[in-house]
Every structure is written in C-alpha cells, then in structure tokens.
Amino acid sequence: MILDGKVPAGPIEKKWEEHRFNLKLVNPANKRKHTVIVVGTGLAGASASASLAELGYNVLTFCFHDSPRRAHSIAAQGGINAAKNYQNDGDSVHRLFYDTVKGGDFRAREANVHRLAEVSVNIIDQCVAQGVPFAREYGGVLANRSFGGAQVSRTFYARGQTGQQLLIGAYQALSRAVSSGKVKLHTKHEMLDLVIINGQARGIITRDLDTGKIERFAADAVCLATGGYSTVFFLSTNAKNCNVTATYRAYKRGAYFANPCYTQIHPTCIPQSGDHQSKLTLMSESLRNDGRVWVPNKVGDKRGPHEIPDNERDYYLERKYPSFGNLAPRDISSRAAKELCDAGKGVGPGGFGVYLDFRDAIKRDGRSTIEAKYGNLFSIYHEITGEDAYQVPMRIYPAPHYTMGGLWVDYNLMSNIPGLFVLGEANFSDHGANRLGASALMQGLADGYFIIPYTIGGYIAGTKRETVDTQHAAFADAEKSVTGQMEKLIAVRGKRSVDDFHRQLGKLMWNKCGMGRTATGLQELLKEIPKIRDEFWTNVNVTGSAGTFNQTLERAGRVADYLEFAEMMALDALERNESCGGHFREEFQEEGEAKRDDEKFRHVTAWEYKGVGEKPAQHIEPLEFENVKLAVRSYK
Amino acid sequence: MKVTLKVWKQNGKNGQGELKSYESPDVSPDCSFLEMLDLVNNDLESKNQEPIGFDSDCREGICGTCGMVINGVAHGPGHGTATCQLYMRQFKDGDVLTLEPWRATAFPVIKDLVVDRSAFDRIIQAGGYISVGTGAAPDGNAIPVPKENADLAMDAAACIGCGACVASCKNASAMLFVSAKVSHLALLPQGEPERERRVIAMVEQMDKEGFGACTNEGECEAACPKQISISNIARLNREYWRAKLLEQPVRVEKGG
Amino acid sequence: MRVTSILLKVLMAITGLAWFGFSITHLTANFLILKGADAFNGYAEGLAKFGPLLWVAEAGLVLLLLAHVGSAFRVTRMNKVARPQGYVVSQTRGEATLGSRTMAIGGVILLAFLIIHVKMFKFGDWSGGNGLHGLVVRSFKNPLIVGGYVLAMIAFGLHLSHGVASAFQTLGILKPSWRPRLKEIGFFIGWAIAFGFAALPIATFFFV
C-alpha cells in the first residue's frame with residue numbers, strides 16, 4: 001500500500017501556516033469535555049501534556065518512572081538547535097531545514113523538517129521564558145556554539161546538561177498543569193496495551209509498577225511519547241529502562257512501524273570494559289571540537305599512546321574528511337572508527353577503541369582552558385575508567401544512541417490508527433536516516449509544544465467518536481491479553497535470567513544489525529532471533545508474581561517485545577538494499593562511503609504486524625524532494 | 001573481587017524490615033556497583049529467589065532515580081556522584097556493605113531499597129515553576145540575564161531530585177532540594193513576578209510532606225551528587241522571610 | 001499565619017543571637033570580679049538602680065529565651081517525626097560536628113544550668129558578707145559547683161560553636177563566600193566565650 005503523509009499543498013514556507021489555518025478548531029468551552037492520554041514524560045510527552053492542558057483539555061499523563069523528571073531526555077548533553085541566527089553567521093530557517101534533510105541522508109519528509117526548522121525559534125523563546133538557564137554572554141544575551149558538524153553556531157546549551165534543563169523546564173510546566181488540575185499524573189504506570197474501538201485509539205491498559213495493579217484508561221485520543229529502541233542492543237547510551245514496549249504494542253494493534261533499521265551509533269562513547277557492563281556512557285560530542293581522533297598506523301601496535309610518534313599515527317578523520325576533520329557527522333565518524341578497529345588498529349582492551357587526544361589542544365590553549373571547557377567530562381571519564389585524560393588520550397568507541405525509526409505518522413503526527421499520535425523519538429518523522437547533533441531535543445519539544453496542540457484539535461473537532469468508557473469490551477480484551485502474557489511469563493520458571501536473554505539478543509543485533517550490515521548477516525540474524533525467542537518462552541525465569549512490585553517481570557515483558565521487534569528491524573535492514581545515514585549495508589558503498597539508491601529506496605518503509613514470526617506487510621511512503629536537490633552526502 | 005552485602009529487605013511502607021545477607025559473585029574492579037547488584041539479582045533469579053529491589057535508570061548520574069545508603073553514607077563513598085557512578089574499585093575485596101533505603105517519613109519504602117519520592121513532585125507542583133503558557137514567550141534575547149546570575153541559576157538547577165540530601169540529613173530535611181529550585185528561579189528575571197508566592201507555597205508544602213528542618217550542618221551538600229551548595233539554603237531562608245514581610249500589603253507597582 | 005519550619009528557625013536564630021549578645025556583656029561584667037568586690041558589687045548595685053527598666057530588660061531576656069526554647073522544641077519534634085527510624089549503620093561525611101549533633105541535648109543542659117545559675121546568684125543570699133561578690137567567691141570554692149559550671153560551659157561552647165554560624169546561615173544575610181570563614185569565626189568566638197565564663201570559677205577556686 002502507498003501511504004499518504006497528508007502533506008499540505010503550497011510552497012514549503014507556507015505549508016504549516018496554511019495548514020494551521022485549515023485545521024478545525026475545538027471550541028474553548030468544549031475542550032474540557034475531551035480527554036487526551038499522553039504516555040511518556042520526556043521532552044515530547046511533558047511539553048505536550050502541559051500545552052494540551054493549557055488549552056483546556058483533560059490530560060491523563062503516564063510515566064513508568066517515579067517522577068516525570070526522570071525520563072531519558074534528561075541525559076542529553078550537547079544542546080538544542082534553533083535557526084535564530086543570533087550569531088549573524090548566515091543561519092536561517094532554510095539553512096537548518098537544508099542541513100537536517102541532508103544530514104538525514106535524504107530520507108526524511110521535507111515538509112516535516114521545514115516545519116521543525118520554523119518552530120525551532122519558538123522553542124528557544126519558550127524555554128527561556130520558563131527559566132531554562134541557557135549559557136549567556138557577559139552582555140546577558142544567549143550564547144551559542146557550533147555542534148555536531150554544523151558550520152553555523154546555532155546550538156543553545158546549558159553546560160553539558162541541556163537535556164536536563166529543557167526537561168526540567170517542561171517538567172515544571174507539567175507540574176503547573178498538575179496543580180491546576182488539568183493534568184492527572186500517573187507515575188509508576190507502564191503502558192502495556194493500546195485499546196482500539198471502531199478503528200480509533202481510545203485508551204490504554206497500564207500496570208502500576210508499585211502494586212502490580214492493572215488499570216484501564218479511556219480518552220478521545222492517545223499520544224505516545226515513549227522514546228526509542230536503542231536498548232534492543234542491550235548495551236547503549238540509553239537508560240536501563242528505555243524500551244520499545246509502548247510503541248511495539250501499538251504496532252501489534254495495527255500501527256505501522258517505519259524505518260526500524262535507522263539507528264544512530266554515537267561515535268564518542270567510553271568503550272566497553274567487560275561482560276558485566278549494563279550500559280555505555282556517552283562523552284559529549286563537543287569533545288571533538290578540541291580532541292583529535294587517531295589510531296596507530298600499524299596493525300596490532302601494542303605500544304602506549306605516548307610511545308607512538310606522530311608520523312606513526314593515523315589521524316584518520318582529518319585525513320579522510322579534510323574540511324570537517326574531527327567534526328564529521330556521527331554516522332561517518334562511527335563507521336570510520338569501526339572500519340579501523342575491524343582492521344586490527346583499535347586500541348585498549350579488546351581492541352575496540354580509538355584515541356581522542358587532547359595533547360595538542362592542551363599545548364595550544366593550556367590545561368586550564370581545556371579544563372574549563374570539558375572538566376566535568378574529563379572527570380566522568382576518570383570515574384569510569386580510572387584514567388586521567390589530561391595525561392593519556394581518551395579511548396572512545398561508537399555506541400547505539402538514538403533511533404530514527406519509529407511509528408509511522410502523517411504530517412499531523414497521527415499514525416495510521418486515527419486518534420493515535422506519536423511524538424518525539426517514538427515517531428519516525430524528522431531525522432531521516434541519520435539525526436544531526438542537538439536536533440533530538442529540538443524535535444521532541446517542537447512536537448510537544450508547537451505541533452500536537454494544533455493537530456490534535458483538528459482531529460478532535462473533525463472526527464466522530466462514540467462515547468465509550470472503560471467497561472467497553474475492547475478494554476476487557478486488551479486487559480486479558482496483558483494479564484495473559486504476564487501469567488505466561490511467570491509460568492515458564494526456566495533457568496535463565498531475563499538479562500541473560502537480553503544480553504544475548506543485544507550482542508547479536510550489534511554484530512549483525514549494528515554499524516555495518518550485510519545481507520548474509522541479516523539473513524542469519526532472521527534465523528537466530530526466533531530461536532532465542534523460543535528459548536526465552538521455555539527457559540526464562542521470572543520470579544515472584546504479577547500482582548506485586550516485580551522488577552523482573554517488568555524487564556521480562558520488555559525483552560519479550562524486543563525479541564519480536566528485533567526481527568522486524570533485521571527484516572527492514574535486509575529489505576533496504578542501499579546504504580543511507582545510520583543504515584550501512586556493506587555491499588552498498590563507494591570508496592568506503594555509503595551509497596544511496598534514490599531510484600529504488602527514496603521512500604519510507606512502514607511495516608504492518610501480521611503475527612509473531614510472520615512476515616509483516618510492507619507499506620511505502622514515497623519521498624518527494626522539491627526544495628532540496630538530492631545529492632551525494634559528502635563531507636570531504 | 002567479592003563483597004558481602006547486608007541489604008535492607010522490606011515489603012511496603014508498613015512492612016517489617018530487616019537486613020539480609022548476600023554474597024556477590026567475583027566481579028572486576030571496573031564493574032560498576034549497580035552492575036554488581038545486577039549480577040547478584042541475576043544469580044538470585046536463576047535460583048528462583050526474590051531479587052533485591054532497587055531503582056536505577058540512566059546509570060550516568062543525571063536522572064536521579066538511583067540512590068541508597070551504603071555503610072551509612074548516602075550514594076556511597078564517592079564525592080559528587082550518584083550510586084550508579086560508583087565502581088567496585090572504590091571498595092576492597094571482602095568488604096561488608098550495608099545497603100539501606102533513604103529513610104524519611106516523607107519517603108515511605110515501597111520495596112527494599114526503593115522509596116516513594118513523590119513528595120518532591122508535590123513540592124514543585126506547589127509553585128516550583130514559572131507560569132508561562134506555551135506560545136506566550138517573548139524573544140529569547142528580549143530579557144537579558146547577567147552571566148553571573150545565569151551561572152548561579154544553573155548551579156542550582158543542576159539538582160537531579162534524587163533525595164540524597166534528605167537521606168543524609170539527620171532531620172530528613174528537604175531544604176537543599178527546595179532551596180535549589182527556589183534559587184534557580186529567584187536568580188532569573190523571568191522568575192521575579194512569582195518570587196514571593198513561589199517560595200511561600202513551596203516551603204509550606206515541604207512542611208506538609210513531613211520533612212524536617214535544617215540544622216545547617218552541611219551533610220546534604222557533601223552528599224549531593226551535583227554538589228549543590230548550601231548557600232542556596234541561606235538564599236531560601238532569606239527569600240522566605242523577605243516574602244513573608246512583603247506578603248501582606250498590596251503591592252503598588254512603580255511608575256504611573 | 002502558618003508557622004513554618006523556616007519561621008521557627010528564623011525565630012530561633014534571632015533569639016539565639018540576642019542571647020549570644022547578652023552573654024558577651026555578661027562575660028565582660030564577670031571580669032569585674034577579678035577587679036575586686038567593690039567594683040563588682042558596684043556594678044551589680046548600679047544595675048539594680050535601673051529598677052523597673054531592669055525588670056523590663058530581664059523580662060525581655062526571659063521572653064527571648066522562651067521563644068528560643070519553644071521554637072527549638074517544636075523544630076526538634078518535627079525533626080524526630082521526619083526521621084523516626086534511623087540507619088542501622090550510621091556515618092557522617094564529616095560536616096556534622098559534635099556541636100551540631102548536640103544542639104538539643106546541650107540546650108536542655110544549658111536551660112537547667114540557667115535556672116540553677118539564676119537561683120544561685122540573682123536570687124541567692126547576698127548577705128553573707130561582701131555582697132554578690134562574696135556569694136560568688138564562696139560558691140566557687142565548692143568543687144561541685146565549679147565542676148558543674150565547667151561542664152555547663154563545655155555545653156555552652158558546643159552550643160555556640162555551631163549555633164552562631166548556624167544562626168547567620170538561617171537568616172541568610174551574609175554573602176555565600178563568607179560561609180566557610182563564618183563557620184570558623186563562629187566556632188572560635190563560641191569557644192572563646194565559653195572558656196571565658198569557665199575561667200572565672202576555675203580561677204576563683206584555685207587563686208582567690
């Protein structure tokens with residue numbers, strides 16, 4: 001089936017403005033009669049909840065954390081982009097639009113990206129007004145930096161904790177809405193199913209993580225802002241509890257999942273130290289502004305970094321991408337590191353690491369300057385590795401970090417299921433095949449503050465819905481499937497722990513569907529995943545019961561979903577016979593660079609669930625590029 | 001290396017708690033403390049025994065989910081770090097570690113080392129925000145903020161809401177948490193219009209939740225993973241009595 | 001008006017600082033004992049001449065004390081309710097001091113001391129020769145009284161070593177950069193005053 005993204009007609013600069021005018025409005029007095037469910041309280045979910053409540057809707061907000069402030073948006077370090085052009089360096093809405101489309105390797109929907117660039121400026125204003133303590137110049141104006149390979153300074157930041165500060169801004173707005181009574185906040189509630197009535201999303205089933213109680217909630221529309229699926233790799237920079245369950249269960253209820261193979265591998269993470277490891281830690285990309293990336297020229301060089309003279313070092317990013325150097329985009333830097341480590345030039349235990357060296361920067365600017373800029377990162381590095389990066393170069397290696405794929409949505413951020421909206425990292429919309437640095441925060445907040453408040457009104461005003469409550473049979477059915485699955489998990493009483501299966505799946509996914517993918521590897525993967533899944537359902541051990549606090553059961557449900565989801569991800573990677581952005585198929589390259597196939601794959605692939613182990617149905621949304629010329633994405 | 005754990009086990013806030021002993025498997029010094037607990041739990045699970053309940057999420061010290069008292073010290077022996085940022089190399093082979101939950105009336109135990117910190121959310125809901133609706137904001141550079149103020153506000157805003165300040169305070173006081181939010185917003189011009197209302201509402205909520213008062217020892221500051229300074233508590237005190245003095249009379253705006 | 005923990009603490013700080021001020025004048029006057037009976041008795045009688053004014057001042061001191069003790073009592077109770085169950089293993093990060101940990105019990109000791117002290121001297125028998133000076137000297141020849149005095153002054157030193165700096169922090173009126181110095185100054189002034197008070201009975205016992 002060909003999917004319609006419902007992109008409005010007209011010139012790209014006018015699309016959003018005219019669309020907003022054309023969207024039906026809900027009478028202010030009527031808004032209080034409508035209920036909206038928002039699942040997730042990261043940047044997208046918290047900002048959406050607050051904004052919808054301010055408009056007058058009754059909002060039911062859910063998160064599985066003990067506080068909405070703990071969502072993983074909080075861990076974003078670098079910054080947030082906005083086309084403010086405060087630095088007078090030639091930035092504009094069009095340039096941010098262009099950079100994002102190009103950065104996404106021409107696999108994003110133009111109209112969405114343009115809208116994102118347009119509202120980026122409003123986001124900064126909103127956050128400043130909320131009291132987000134962005135970095136300032138002495139004159140009191142906002143400071144900017146260049147970030148993640150952009151050639152203009154458009155990134156706003158709050159030290160190395162921009163995500164934290166933006167999330168706290170949104171959390172405060174949400175808290176205000178809670179105190180006004182317009183938002184009913186349900187913390188420690190994990191969404192376990194989506195309820196569909198007459199083809200429309202009308203509610204969710206949740207489990208109270210403290211008591212095990214299963215509850216039903218009905219609404220006029222449901223918004224999922226539940227983040228990405230990087231933890232399919234087990235080891236990633238994501239939080240331990242990040243998972244695909246909310247979006248995957250919506251997928252099982254009929255929502256299409258788009259481009260699951262687009263995953264972003266962040267180039268600057270601390271390498272893994274052993275099998276005990278539960279997550280990987282990101283070192284801010286800003287380090288690449290001053291650090292130089294290198295490996296020894298010689299394969300298997302066991303000398304310490306200081307013993308290797310400059311002429312025996314390969315500063316490979318500077319060599320291969322002279323104009324961007326160490327600031328080459330994430331996918332490209334990650335791949336270059338993997339290539340050299342695979343060739344045996346990696347450093348550190350296991351050989352999966354490259355040096356990020358500050359020797360020259362310290363010589364040039366002095367230790368105190370470097371300390372002022374990156375002191376906290378150096379201390380994080382020291383804490384984790386026990387090494388002093390002022391003395392020896394850091395060791396870094398790429399790690400899964402963000403997922404561009406997600407539930408398919410149209411221009412209104414509505415999935416193919418009417419009334420089911422998907423926001424932030426959970427949708428697939430704006431980053432194409434690769435996300436630029438400092439754009440995730442921008443998208444999450446754009447969706448929540450400035451897009452969903454309009455488009456949800458259009459849906460609510462423009463559709464007929466029957467009155468339903470949680471006694472409806474569809475709720476009972478969904479609840480039964482949720483409790484049924486939990487009982488099944490507990491009944492297995494096998495010998496292996498949940499984490500053990502997750503680790504096994506993660507390792508496999510990383511090796512065969514990580515930074516480099518091949519048809520053979522993916523085909524093997526498609527054979528192996530069902531085997532792990534089968535073993536999981538016969539040999540997992542979930543202790544305790546469903547009706548109480550049970551962290552093992554929480555994890556088991558999530559891993560069960562990953563064991564199905566991974567198959568779709570591998571299939572998507574196999575079907576996409578090209579390399580683009582974060583999806584690198586080794587068969588499709590030219591002089592080591594990703595080779596797109598615009599003729600055959602200039603489209604979004606969205607998958608429709610057909611049953612566990614069954615091949616999902618494939619749907620296509622063709623991508624039209626009317627404002628940006630398709631070009632080879634070169635950073636040389 | 002191996003350690004012996006004495007872990008507080010408790011079901012629900014009214015449950016009778018007690019210490020239970022566990023032996024860790026042999027782990028590398030590069031293993032994080034929580035990863036060691038993961039391994040202990042995986043071990044227990046595969047033996048069909050109840051695992052230790054503990055909370056964590058980001059495991060890089062920013063989300064504020066984790067937290068436990070290790071040998072009497074909130075977040076363990078590190079300085080400026082959360083529990084998730086501890087590594088086994090900070091302990092010795094054969095160490096006996098007593099793990100207890102945050103203890104405070106306002107933080108009832110849910111399970112073992114997991115406590116309910118929703119009191120913090122209710123304090124923020126009482127007034128820890130700036131009332132600006134989406135769309136109502138002027139241009140970001142319309143309100144200049146002196147760099148010094150922005151920096152001080154950021155220092156305070158770095159709070160992760162983990163509750164270690166409460167746990168380490170002999171009075172289970174939440175003053176450091178509340179003062180961080182009051183300072184963050186009082187230091188910025190955007191926070192000015194609600195300055196008095198905010199501090200009064202937040203302090204009243206803090207008391208209502210059952211937190212204790214501040215003895216000005218500074219144990220909270222020393223335990224804080226973000227090293228929030230107790231000079232924020234001095235500011236909170238000042239903001240509070242200043243607000244109380246300004247509260248009664250109707251405020252007359254300048255000019256006009 | 002709702003009486004919040006901060007208001008109680010502010011009240012405790014203001015009344016504590018007032019009594020801190022009073023203790024300094026008291027100590028200054030004490031040294032007159034060393035100058036001899038005439039000087040000291042002259043001062044005491046001079047004070048008495050203020051008559052009703054003195055009563056007002058004394059009543060003021062009593063009220064300040066009651067407010068201090070009352071707020072301390074409420075705050076302490078609040079703190080106990082906030083942490084009913086302590087840690088099995090308890091340890092500090094080195095910021096807590098003996099002074100900070102004994103504010104309440106030290107306060108109770110000081111209150112008891114004050115009552116005995118006032119009864120012993122202000123309402124004592126001044127007629128045994130040499131007026132108040134004689135009473136003081138005679139009392140401080142009794143090792144039990146001297147011992148009790150010194151112990152009370154240790155409690156006073158501990159109380160002030162934390163209390164003075166703490167009061168300023170509670171009022172929030174000093175620049176943050178002063179705080180570390182303030183802690184030290186408070187500690188030294190506190191102990192200096194306590195030592196000054198304790199020196200008198202000791203000196204009297206051994207040398208007068």
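Tyr43(C) counts as partly exposed, because its relative accessibility is 35%. In this predicted model, the residue is found in helix H3 of chain C, which covers residues 37-49.

On the polar side, 34 residue pairs are in polar contact across the interface of chain C and chain B, counting pairs with both residues at pLDDT 80 or more. In a salt bridge between Glu221(B) and Arg179(C), the N to O distance is 3.0 Å.

**How chain B meets chain A**

Two pairs of chains touch, and the pair with the most contacts is A and B. Chains A and C, by contrast, do not touch, and their nearest C-alpha atoms are 20 Å apart.

The size of an interface is often given as the accessible area lost when the parts come together. For chain B and chain A that area is about 6,000 Å², with 48% of it on carbon and sulfur atoms. Within chain B, the residues that lose the most area to chain A are Asp57(B), Thr134(B) and Met154(B), which together make up 11% of what that side buries. Each chain contributes 74 residues to the contact.

Polar contacts link 46 residue pairs across the interface of chain B and chain A, again with both residues at pLDDT 80 or more. On the chain B side, the elements that each supply at least two residues include H1, strands E6 (109-111) and E7 (114-115), and helix H2 (118-127). Which element of chain B gives the largest share of the side that touches chain A? That is H3(B), with eight residues. Five salt bridges are counted between chain B and chain A, and Glu60(B) pairs with Lys279(A) in a salt bridge.

**Salt bridges within and between chains**

Side chains of opposite charge can pair when their charged atoms come close. Over all chains, the structure holds 73 salt bridges.

| Salt bridge | Closest N and O atoms |
|---|---|
| Asp105(A) and Arg596(A) | 2.8 Å |
| Arg292(A) and Asp360(A) | 2.5 Å |
| Arg59(B) and Asp38(B) | 2.7 Å |
| Glu60(B) and Lys279(A) | 2.5 Å |

Take Asp105(A) and Arg596(A), which form a salt bridge. Asp105(A) sits in the loop between helices H4 (93-103) and H5 (110-130) of chain A, and Arg596(A) in the loop between strand E19 (593-594) and helix H17 (598-601), so their pairing ties together parts 491 residues apart in sequence. Are these two residues buried or exposed? Both Asp105(A) and Arg596(A) are buried.

Arg292(A) and Asp360(A) also form a salt bridge. Since Arg292(A) belongs to strand E12 (residues 292-296) and Asp360(A) to helix H10 (residues 359-365) of chain A, the pair ties together parts 68 residues apart in sequence. Arg292(A) is partly exposed at 23% relative accessibility, and Asp360(A) is partly exposed at 22%. Both residues also belong to a network of salt bridges, whose other members are Asp310(A), Arg313(A), Glu318(A), Asp357(A) and Arg359(A).

In chain B, Arg59(B) forms a salt bridge with Asp38(B). Their pairing links distant parts of the chain, 21 residues apart: Arg59(B) lies in the loop between helix H1 (33-46) and strand E3 (69-70), and Asp38(B) in helix H1. Arg59(B) is buried, with a relative accessible area of 7%, and Asp38(B) counts as buried at 7% relative accessibility.

Definitions and conventions
Residues numbered from 1 in each chain as written. Chains lettered and ligands numbered in written order. Predicted model: local features only at pLDDT ≥ 70, side-chain atom pairs only at ≥ 80, totals over all residues. Heavy atoms only, no water. Helix = DSSP H or I, 4+ residues; strand = E, 2+ residues; numbered from the N terminus. Buried < 20%, exposed > 50% of the residue type's maximum accessible area, 1.4 Å probe, protein only. Salt bridge = Lys/Arg side-chain N within 4 Å of Asp/Glu carboxyl O. Polar contact = N/O pair within 3.5 Å; in protein donor to acceptor, adjacent residues only side chain to side chain. Contact = heavy atoms within 4.5 Å. Buried area = accessible area lost by both parts, 1.4 Å probe.
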